[in-house]
Amino acid sequence: MSGFSAADLRRMLSRLRDVMAGIGAVQERLDKVVALIANDLRADVCSCYVMRAGEVLELFATFGLSQKAVHSTRLRVGEGLVGEIAAHARPLALADAWSHPQFVYRPETGEDFFRSLMGVPMIQAGRVIGVLVVQTREERPFNDWEVETLETVAMVIAELMAASQIVRREELFQAEGNALLHVRLTGVSLHPGVGIGVAVMHKPHIRIGRLVSDDPVVEEQRLQTALDTLRKEVDALIDSTHGDDFADGYRDILEVYRMFADDRGWISRISEVIASGLTAEAAVQKVHDDTRVRMMQVNDPILRERLQDLDDLANRLLSILAGGGMRAELPDNAILVCRAIGPTELLDYDRRKLKGLVMEEGSPTMHAAVVAKALDLPVVAQVQGALNRIDALDQIVLDANAGQVVLRPSEEVVDLYMAAVEARTKQKAAYAAIRDLPAVTRDGVKVTLNLNAGFLLDMHGLTETNADGIGLYRTEMPFLALPQLPDVKTQETLYKQVLDGAGGRPVTFRTLDVGGDKIAASSGQAPEDNPAMGWRSIRLTLDRPSLLRQQLRALIKATAGRHLRVMFPMIATVSEFQAARRIFSMELDRHYKQGGRAPLSVKVGSMLEVPSLLWQLDSLAKCTDFISIGTNDLMQFVFAADRGNTRLANRYDTLSPAVLNMLASVIARCKAGNVELSVCGEMAGAPLDALALIALGFRNLSMSAAGIGPVRAAIRSAVLADLEPFVRSRLTSPETSLRESLRAFARDRGLSV
Ligand code: PEP
Ligand code: MG
C-alpha cells in the first residue's frame, strides 16, 4: 500500500462508485468492493464487519479470509481488535496485530497467516455501523495517510450500506418486547414541563447521492457557493429575530453561530478533502465525521456539546448542497426525537406545533437547550437508545419534570399527565400571583432574590419573576463555541444589551470561567486529566492577561454611566484576587485616561468556590467588595465529588451538617470583616435549601428563573424566629443530611416548600 497517492485514491474511489452504481445484490456488490480495496491497497485481506442487534459485529464480506466465516464470525463490541475499533470509534494500525493485548484468534477465519492489521470504524450519521479492516501477511507499519485513505473508503461504504439498507432496522436493534405495553425511558430534564404528542424523528442526515467527484475545481466552487448561502441563511434567521420577543433570548447564540460559519480551519479542511477527490457534500461529511470522532474522545463535556453546533452547521451545509430545505412539516402536537440538535435546526420547526424534545445526547449548556428554554419547550436529554426505541408517530408523554419519556402510554397514563399539567399550570399561576410581593418572612425579614443568567434570553426571567437583579452573569456562555474570544467591541455590545435588559437593576458580571482546552486557549494544549481542577477560569485568564484585560475593558465601557459589579471565579488564594483586581484597576485607569465616562459605582468581588479560600476570609474581606458563594463547585471540592457525575448526584447533600457549618462560619467571618455576601450556586434556588440558608443568616440569594417563584413562596410562608433555632440546633447532628428533618419541620408548619 505504500506509495499510494492522492491520484490513486481518486481512481479507487471512482472504481468504487462504479461498483456501487452497478447492478446485482448488495452482497455481491460488497464482495466486489472488498476485493477492489484489497487489490488497490495491495493488502492480502479486506473485510467488512457490520453492526447487528445486541452490539455484535458480523463479518459481512471478506476478500482473503475464509468465505466460510462470512455471516458466521461475530464479535461483541469491545471484543478483539475489530470490537475495539467499534467501541472507541477509533482506527487501529498495527504492524504486529498478534502482539496486541486485545487480539482474539478466530480459527474459522483462517487468519493465521496475517500479521499486520489496519481497521477503521464505518460511521454513518454519527454512529458506528461497522468496521473495515485490511490485513497483510508480512509485518508492516501503516502511516497516517494510509489510515486516512481507509477512513475515506469506509465512509463511502457506510453510505452504500445505508442507502441500500443492507441491514434492516429491526435486525440491527433488539425489539422492545411486547409493543403494546408502554415503555418508560429515563433521561435528564433540560427544561421542565409536560408534552403530550406524537413522535417526529428529526432526520438531519442528508443522503449523499454522489461521493466521488469528476472535477475538484467544480466541487470547490460548489462548496464556496453553498457557504455563501449558509451565511445568508443564518443572517436571515438573525434578522427574523428582530422584534420577536421570544427571539431576544437566542439572538446572541445565532450571532456566535454565524461566526462559526466563517471558521477558516473548518473550511480549509473541507477544501483539502475535495482536492483528494470527493464531492463537496462527501467532503463536508468526512470532515464532520472526523471531527465528531475526535471530539467524542474529549472528556470535557462542554467542548463535546459544541459538537451539536458543528452538526447543525454541517447538516445545513449538506442540505444546501443537496438543494433541499430544512423545514419539515409537523403534526399539530409533535414531540421531536433526535440524537442531538443544533439551535438553528430547532428553530427551523414550527414552534407552535412543537410540544417537546427528546434527545439521546445533550446537556444543559448546549445551545439547543438554551433555545428550547426560550421557547418554553420541555426537553429530556441523555435518553439512552431513544432513536432505536421510538418509532415515528409513536404516542409519547414527555414528562420533563421527572426526566421521563413514556412511550405508547395507555389512556389512563395520558389522563394522569393531563391532570398533572393542570396542577402545574395552577401552581405557576400561584407563583405569578405573588410575583410583585416582596420576599419577606412572616416576621418581616427581607431577602434579596437575584437571577443567575448567561444568555440574553435569561434576561426575560427578570420581568417574568420580578427578581431584584442578576446575581451571577456567566459571561462565557455565548462564547463557548468560538475558537477565540470576540473583540472588545463585540463584547461591549453584548454587555450593554445585558444591562439594557436589566433595566436599571444591578447585574454582577463574572469574568470568563472556561477550561484549559476551551475558548481562546492556545492550540496544541495537552488535554487535562482533571479539567475541573485544571488550568481554567481565573488561572487561565491570569496567565493570559490580555483576555482578562479585553473583557474588563469591554465591561467598563459597557457600564459607563451605570453601576459596575464584576467578580472573579475560582479564586483560590488572596493573591490571585489581588492580581485580578490590579488588572481591573489598570483598565479602569486606562479608561479614565482616554476620557471614558465613569461608571456610577464600582464593586469588585470574589467567588468563593475553592475550599482553600475558607481559611483566608479575613484577609480576603480586606480587599474585596463582596463575596459570592458558588456552592456547585464548593460542594464538589469539599466532598471530592464530581458535580457532573450522576452516580454521585444524591450521595452528598447541600443540607449536610458539614456544608451548613461551613456556610455558618463563612457568614460569621464575612460579618466580622464587614463584607457583602451572597450565594449563587444551585442550592439557593431550592426552597428547602433556601430556608436553611436564610436560617443561617444569608439575605441575598441568586438562582435560575425557575427557582424564584418557589423560593419567594417559601420565604413568605416562614417565620425566621422559628426556623433559625431549629436549623442551628441541628448543626451538631451526626445525620448525613438535615433534609428529612427540615422537610418534616416545614410540613408541620405548613410552609411552602
Ligand atoms: C458555582 O460553582 O456554584 C457557580 C455558581 O458557578 P458555575 O455553576 O458556573 O460553576
Ligand atoms: Mg463555579
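**Entry 1: Arg42**

I start with a cut-off: a residue counts as exposed when its relative accessible area is over 50%. The model I am looking at is a predicted one. I looked up Arg42 and found 54% relative accessibility, so Arg42 counts as exposed. Arg42 belongs to the loop that runs between α2 (26-40) and β1 (45-52). Then I checked the backbone, and phi of Arg42 came out near 50°. That is a positive value in a residue other than glycine. I wrote myself a reminder here: most residues other than glycine have a negative phi.

**Entry 2: Asp376**

Next I turned to Asp376, where phi is near 55°. Here too the value is positive and the residue is not a glycine. Where does Asp376 sit? I found Asp376 in the loop between α12 (367-374) and β12 (379-381). Is Asp376 buried, exposed or partly exposed? Its relative accessibility is 45%, so I noted Asp376 as partly exposed.

**Entry 3: Ser656**

My next stop was Ser656, in the loop between α21 (631-638) and α22 (657-672). The relative accessible area of Ser656 is 3%, and since buried means under 20%, I put Ser656 down as buried. Which residues does Ser656 touch, leaving aside its neighbours within four places in sequence? I listed Phe639, Thr736 and Ser737 as its contacts.

I then followed helix α23 (residues 687-696) to helix α26 (residues 739-748). The two pack at an angle of about 90°, and their axes are 11 Å apart. Angles of 65 to 115 degrees count as roughly perpendicular, so α23 is roughly perpendicular to α26. Which residues meet there? On the α23 side I noted Leu688, Asp689 and Ala692. On the α26 side I noted Arg739, Leu742, Arg743 and Ala746. Sorted by class, this contact has four nonpolar residues, three charged residues and no polar ones.

**Entry 4: the whole protein**

Last, I stepped back to look at the protein as a whole. I counted 26 helices and 22 strands. What share of the contacts between residues at least 6 apart in sequence joins residues at least 24 apart? I got 67% for that share. The protein exposes about 31,200 Å². Carbon and sulfur atoms supply 52% of that area.

Technical notes
Residues are numbered from 1 along each chain as its sequence is written. Chains are lettered from A and ligands numbered from 1 in the order in which they are written. This is a predicted model: local features need pLDDT of at least 70, side-chain atom pairs count only at pLDDT 80 or more; totals for chains, interfaces and linings use all residues. Side-chain values use heavy atoms; hydrogens and water are left out. Helices (H or I, at least four residues) and strands (E, at least two) are DSSP runs, numbered from the N terminus. Buried means under 20% relative accessible area, exposed over 50%, partly exposed in between (1.4 Å probe, protein chains only). Contact means heavy atoms within 4.5 Å. Axes are lines fitted to C-alpha atoms, for helices over the stretch in contact, and angles run from 0 to 180 degrees between N-to-C directions. Angles under 35 degrees count as roughly parallel, over 145 as roughly antiparallel, 65 to 115 as roughly perpendicular and the rest as oblique. Ala, Val, Leu, Ile, Met, Phe, Trp, Tyr, Cys and Pro count as nonpolar, Asp, Glu, Lys and Arg as charged, and the others, Gly among them, as polar. Accessible areas come from the Shrake-Rupley method with a 1.4 Å probe; for residues, only the protein chains shown count as cover.
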